Amino acid sequence: MLQRFRYRVDTIMGRGAPALIGVLAVLCCLLAALNGLMLVLFAPEGIRPDSAGSSVWAGFLRVLSPTILIRDRGSVPFLAVAVLMAFGGIMLMSTLIPVISAGLQNQLARLRAGRSPVVESDHTVILGWSSQVHVVVAELVEANRSRRRACIAILAEKDRSEMETEIRERVGDLAGTRIVCRTGDPADPQDVSLVSPAQARSVIVLAAEDQRPDFGVIKSLIAVTGTGKEPGTGPLLVAGIEEEQNLAAARLAGGEHCRVVSTQGFIARLLAQSSLQTGLSSVYTELLDFAGHEIYMTHQPELDGRRFDDALSAFRASTVIGLMRQDGRILMNPDGDTRIDADDRIVVISEDDSTIALSDTAPEHIPVPPPPAATFRDEARNVLILGCNRRLGDIVEQLRAHLPAGSRVDVVADAPSPVQELREGLKLSHRQADITRRHVLEDLSVDKYDHVMVLCADDRSPQEADAGTLTTLLNLRDLAERNGHSYTLVTEMADDRNRVLAQAGKPDDLIVSSNILSLRLSQISQNPHLDRIFDDLFAPAGCQIALRPVTDYVPAGRPLTFSTVVRAVRRHGHLAIGHRLAHRIHEAPRYGITLNPDRQRILTYSEEDEVVLLTGSSLIPPG
């Protein structure tokens, strides 16, 4: 019997503070009842309660405050029982208070550990922690400025207080967006359920900074889909996959609401295109950054039945670049006679969705004589790639797609190149040498190249890799200044924090880093249709962004409006979406790039200025 009693006690105590508090509360009630009964049976006149209710209340007061005993008078048996009851009250209270204190401390520790569930809806969930998280959070905060009660929930295998402190230090002003951090495994469905992904508007999965990040991303996608109530339902999932061969598995794991970006292919296309055109990376950053001008889709029934070219002059603060049909097809830079249906959405570039509005008046057009037809010869070019990483093969393929026949690509790296054979229409060579050595760069005769690209090594730590990249970059700048070399230069950085160091010496160099991927993931999380548009813009064929001399379309030195430039460019089948002013190319952060300029502002272009174009056209299928 005693053993069974002890077992019962152990079971109750094993249930934690709530069970102990319940047991002690019951004992307090019993002791209060016994005190009341004692007063009714043994208390002398003057102390004895006159009703059952008052006796229970008096007994309860004796349990809470045994010092009432000093006022008692009466027989020895009554006083002896009163003393025993007082000792019982002291023991119960001295036990109850520590139990309550321990329970509160455990609850506070649990809250600090970040294990309480997040009760939110229409929020954004971020799974995982890496150097990208600060960029993603900053972009989401910017996107949420016009939303009330915006919330971002982060789940990662990191201490909650450390995550919150780091975000406050790195992101700064949260502009009303609440950041909720929880500690857990992003690949564990039970831990993922803490941040309520089923009620979220979107879930962003960040890859871990290790050798095989794709496996963790795929497991997190499965964990999110496993928390859904019904198949085919759930939030929008956005993730980046490093290796192309894992894309199919990631899309299968994420389901129909998943948008997966090929990190390797995306960065390779960005590096290749940016290396061939100075200023192009600033254009892409502007489109991907919520702080600048972004791509939106707006429904404008007033344009029903109008031609696409008519829509180009219908907005003053937005630039029209395409149409989205009711069935999900997207027409980028369609034919000017394409009719706009009532259910179509207009694809525009605008500073914010609140600035998208039809203009009350037609834009002023200042007629100018067309310049002489530009003669453009696509001659063979020479490209120098310094460094090697896993994206080199994709970069060479992208260069082969963009460069004219007969072009040459020379790779110089301190590791064997994964791309050895000659490509059709492209001459390829490889030399193994330490590119951080100045004499190696001097022997290369850099002046014979049209474009130079510096790749960041991926077989070492980000800080070590960026240190070597910065050394190579500084040597290239010094050689260019000493010898008067003129070539485009694009540099890849592993850690976005080092981008500031690279830009400090010469800010007009094009620095590309992984934060571009973070910007794209943030954009897609707000509008999944943008994924298809960005894929089309970065593809070798179809609709592309280009920078051309403004004098190819309008004369220099003549006052005119950007509306005039739009009309002049449209005669060639292109769309003008901005310009690059030569006298501002050293001004951070856009380096002369202005997208979506005011249509009515009077401008006077110089011979060195350029216009930012959308060339070609494409039909993007639903997806």
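This is a predicted model: local features need pLDDT of at least 70, side-chain atom pairs count only at pLDDT 80 or more; totals for chains, interfaces and linings use all residues.
Glu492 is buried, with a relative accessible area of 3%. Here, buried means under 20% relative accessible area, exposed means over 50%, and partly exposed lies in between (1.4 Å probe, protein chains only). Residues are numbered from 1 along each chain as its sequence is written, and side-chain values use heavy atoms, with hydrogens and water left out.

**Exercise 1. Which residue forms a salt bridge with Arg391, and where do the two partners lie?**

*Solution.* 
- Step 1: Start with the rule, in which a salt bridge is a side-chain nitrogen of Lys or Arg within 4 Å of a carboxyl oxygen of Asp or Glu.
- Step 2: Apply the rule to Arg391, and its partner turns out to be Glu492, with the closest N and O atoms 2.3 Å apart.
- Step 3: Now place the pair: Arg391 sits in the loop between β11 (382–386) and α13 (392–402), Glu492 belongs to strand β15 (residues 488–493), and the two are 101 residues apart, so this pair links distant parts of the chain. Helices (H or I, at least four residues) and strands (E, at least two) are DSSP runs, numbered from the N terminus.
- Step 4: Check the cover: Arg391 has 11% relative accessibility and counts as buried.

**Exercise 2. Is Arg147 buried or partly exposed, and which side chain does it meet in a salt bridge?**

*Solution.* 
- Step 1: By the rule above, the count comes to 31 salt bridges.
- Step 2: In one of them, the side chains of Arg147 and Asp122 meet at 2.9 Å, N to O.
- Step 3: Arg147 lies in the loop between α5 (133–143) and β2 (151–156), and Asp122 in the loop between α4 (76–112) and β1 (124–127), so the pair ties together parts that are 25 residues apart in sequence.
- Step 4: Arg147 is partly exposed, at 24% relative accessible area, and Asp122 is also partly exposed, at 40%.
- Step 5: For practice, look at another pair, Glu162 and Lys158, whose closest N and O atoms are 3.8 Å apart. Glu162 is partly exposed at 45%, and Lys158 is partly exposed at 23%.

**Exercise 3. In what order do the six strands of the parallel open sheet stand, and which are at the edges?**

*Solution.* 
- Step 1: Recall that strands of a sheet pair through backbone hydrogen bonds, either parallel or antiparallel. In this model, two strands pair if DSSP finds at least two bridges between them.
- Step 2: Follow the pairs, and the order is β3-β2-β1-β4-β5-β6.
- Step 3: β3 (178–183) and β6 (258–262) each have a single partner strand, so one side of each is left without a neighbour in the sheet.
- Step 4: Neighbouring strands of this sheet are turned by 15° against each other on average, direction ignored. For such angles, axes are lines fitted to C-alpha atoms, for helices over the stretch in contact, and angles run from 0 to 180 degrees between N-to-C directions.
- Step 5: Zoom in on β1 and β2, which run parallel and are joined by four bridges. Thr124 stands opposite Ile152 in β2.

**Exercise 4. What is the strand order of the five-stranded antiparallel sheet?**

*Solution.* 
- Step 1: The open sheet runs β7-β10-β8-β9-β23.
- Step 2: Its edge strands, β7 (294–299) and β23 (618–620), each pair on one side only.

**Exercise 5. How many residues of strand β19 are buried, and which strands does β19 pair with?**

*Solution.* 
- Step 1: Six of the six residues of β19 (residues 575–580) are buried, so this strand is largely enclosed by the rest of the structure.
- Step 2: β19 is joined to antiparallel β22 (residues 610–615) by five bridges, with Gly578 opposite Val612.
- Step 3: β19 also pairs with β20 (residues 593–595) over three bridges, again in the antiparallel sense. Arg580 stands opposite Ile593 there.
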